[in-house]
Amino acid sequence: MKINKLDQSQQHRPRQQHLTKLGALVVSMQDPERGVPMRDQLLSDTIIPDATTGHDLMRWIEQRLQITADEALQLCWLLVACGFVYPLSEPRNLAMRPDGSLYRFQAPYFWPVYYSQSEDTDYAIYLARKNIRSKGGLDPYEQELYSTLREKINHEWDYVVCQAKEQYRSGRERPKGDRVVLECQERAHWLVRRPPPGAFHALESGLNRVVEPGTEEKPSVEHYRRQVMFYQQAASRSRSKSSVTLGSMVKYTESFSVYDPLLATCLPSNPWVTDDTMCWTLNSPSVEVPTRLRVERWAFSFRELLRDPRGRREFQAFLKKEFSGENLAFWEACEDLKHGDQGKAKEKAEEIYKLFLAQGARRWINIDGKTMDITVRGLQCPHRYVLDPAQTHIYMLMKKDTFYRYLKSDLYKSLLARAVVPRETDKSARFPRHASPSPLVIRAAEEEEEARKAAAAGPPTDLTQVMSKLDRRNQPAK
C-alpha cells in the first residue's frame, strides 16, 4: 500500500501577509525625494549605480518608523533574508552589516510576493549559465541540483542549454557594472529561493521550519514525536459526509430563504419602486413592534439575536429581570473597544476594568480566575483585543444558558404573538402573494395603450392630397 506523505512544512505557501507589508515598506524606501539616499558607489574597480550602504538603510528605518537601533537592524536583516535587498560587498552572505557595506534594492520581478512554483526551468537555466561562466565550477550542492534537474526536465534540456548560452553571450556585451549588478541580483534571488543545505530559509513555514538561522535541525526523537502527533491529529480530525453537509446546507437555505431578496420580494412592499415606505418602517432598528419574520429570526442563533438592535434591547430587558444585565453591557463595551476609536483604547480599557472587572466594581461580572489573570496581564499594555478572553467567556455563558431560557420566556412569546404580520406573508389570507408594481411595467402598459388608441384612430391624413383635391374642384370648367 502506498502512503502519500503530507507536506506539513508548506514550503510552497509563503506568508504573503508580512511579505506584502515588507514590499510596501521597500516601495517607500525607494522614493526619489524622501527615500533612502542612493548614489553611484565604487566596488573594487567597478562603479555600481544606485547603491546604498547598510548604515543609510538602518538610519532611514530608525527615523521613519521611530524604533531603536536593534529593531532597525532586525528589520534590515529581514529585508535581506526575504530578498527585497541584496548585498554587493559579500554576495554569497545574505546578512545586513550596519556599516559602509554596499546594498541595492531588488527588482520587483524577483520579489517573493510574486512567488511561483514553476521555477525549475528558470533555476536550471541559471545553473547552466553559471556552469558555462565558471567552466564547471559549481558548488557541490549546486552540482547535485543541476544533475537532478537534468533528469527531471530532460524533455526540455536542449531549450535550457540554448537559453543559458544566449543569456551568457548577451551578458558579455553589457558594461562591467551592469554585469556585476545582474550577477549579484540573480545570485541573491536564488539564495533566497533555493538556499544551501543547513542555511536559514526565510520563506519556509510549518513544522519543519528552522528556528535558529544558520543551524540545521537534525532528526531526533522530538522531531519524530512532532511528526507522529501531526499525523495523529490529521487522522483523528472529524470529517462530515457529503450527504450530511448538503443536508445542513439545504436546511440553512430553507431557513433564510424568506430573507433573501433574490428569492423573496420586499414585504409588505418594495420601497425602491413604490412610494410605500412601510417596509423600512417595520424593519427600522428602533421599531416598537417588529415583524414576525424578524422575531422568528432571533431564534436561529444567538449571533442573529445580538446582530439585531431591537433583539438586543429585548434580551437586555430579560437579563435585567434575572439580575444579570451587566453581562450584555460588558459585551457591548468590549465591542466598542474593539471597533471604536483606537486613540482612546487605553482609557476605554481602564474604564471597562474599573466598571466590570475590578474588586468591588459597580457592575461586577463573574469570570474564572484563569481568564482574570490573562486579562490583568494584558491590561499592562492595553490594545483593542485585550479583553477578548473575558468577552468570549461572557459570550459563551449567555449563549449556552441565558439565550435558551430567553426563547422559552413569556417576554419572547408575548412579543412573537404581538408581532406584525404583513398581508403578503399571512398564509391564512385568501389572496395570492404579489410584489409591488414596477414603474417599467406601468410605463410599458401606458405605451401599449397609446399605440392601441393610435391604431384605432386610423392612418394620419395627408394634407397635400387634400389641398390638391380642393384646387381641382375650384378650377373653372373649360
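Let me open with a pair of side chains: Glu 314 and Arg 310 form a salt bridge, and their closest N and O atoms are 2.5 Å apart. Before I go on, please keep in mind that this is a predicted model.

So, why can these two meet? Glu 314 and Arg 310 both belong to helix H13, residues 309-321, and because they are 4 residues apart there, about one helical turn separates them. The general rule is a handy one: an α-helix has 3.6 residues a turn, so residues three or four places apart point the same way.

Let's look at a second pair, in helix H12. Glu 304 and Arg 307 join their side chains in a salt bridge, at 3.6 Å from N to O. These two are 3 residues apart in H12, which covers residues 302-307, so about one helical turn lies between Glu 304 and Arg 307.

Glu 335 is partly exposed, at 22% relative accessible area. Lys 338 comes out at 15% relative accessibility, so it counts as buried; the cut-off for buried is under 20%. Some salt bridges also share partners: Asp 120, Lys 152 and Arg 194 are linked that way into one network. Over the whole structure, the search finds 21 salt bridges.

Let me step back to the chain for a moment. It has 478 residues, of which 35% count as buried. The chain contains 20 helices and 4 strands. If you take the contacts with a separation of 6 or more, 60% of them are between residues 24 or more positions apart.

Now to those strands. In what order do the 4 strands line up in the sheet? The order is E1-E2-E4-E3, in an open sheet with antiparallel pairing. At the edges are E1, residues 39-43, and E3, residues 85-87, each of which pairs on one side only. From one strand to the next, the twist averages 55°.

We can walk across the sheet pair by pair. E1 and E2, the latter being residues 46-53, run antiparallel and are joined by 4 bridges. Arg 39, for instance, stands opposite Ala 51 in E2. Moving on, E2 and E4 are antiparallel with 2 bridges between them, and here Thr 52 faces Tyr 103 in E4. Finally, 3 bridges hold E3 and E4 in an antiparallel pairing, with Val 85 having Phe 105 of E4 as its bridge partner.

My last stop is helix H16, residues 369-378. Which of its residues are buried? They include Thr 371, Met 372 and Thr 375. These residues are on the same side of H16 because they cover an arc of only 100° around the axis. On the face turned away from that buried side, you will find the exposed residues Lys 370 and Arg 377. The cover over the buried residues of H16 includes helix H15, 345-357, and helix H17, 388-407. And one detail at the start of H16: a side-chain oxygen of Asp 368 comes to within 3.3 Å of the backbone nitrogen of Lys 370.

Note on methods. Residues numbered from 1 in each chain as written. Predicted model: local features only at pLDDT ≥ 70, side-chain atom pairs only at ≥ 80, totals over all residues. Heavy atoms only, no water. Buried < 20%, exposed > 50% of the residue type's maximum accessible area, 1.4 Å probe, protein only. Arc of directions from axis to C-beta. Contact = heavy atoms within 4.5 Å. Polar contact = N/O pair within 3.5 Å; in protein donor to acceptor, adjacent residues only side chain to side chain. Pairing = 2+ DSSP bridges. Axes fitted to C-alpha atoms, helices over the stretch in contact; angles between N-to-C directions. Salt bridge = Lys/Arg side-chain N within 4 Å of Asp/Glu carboxyl O.
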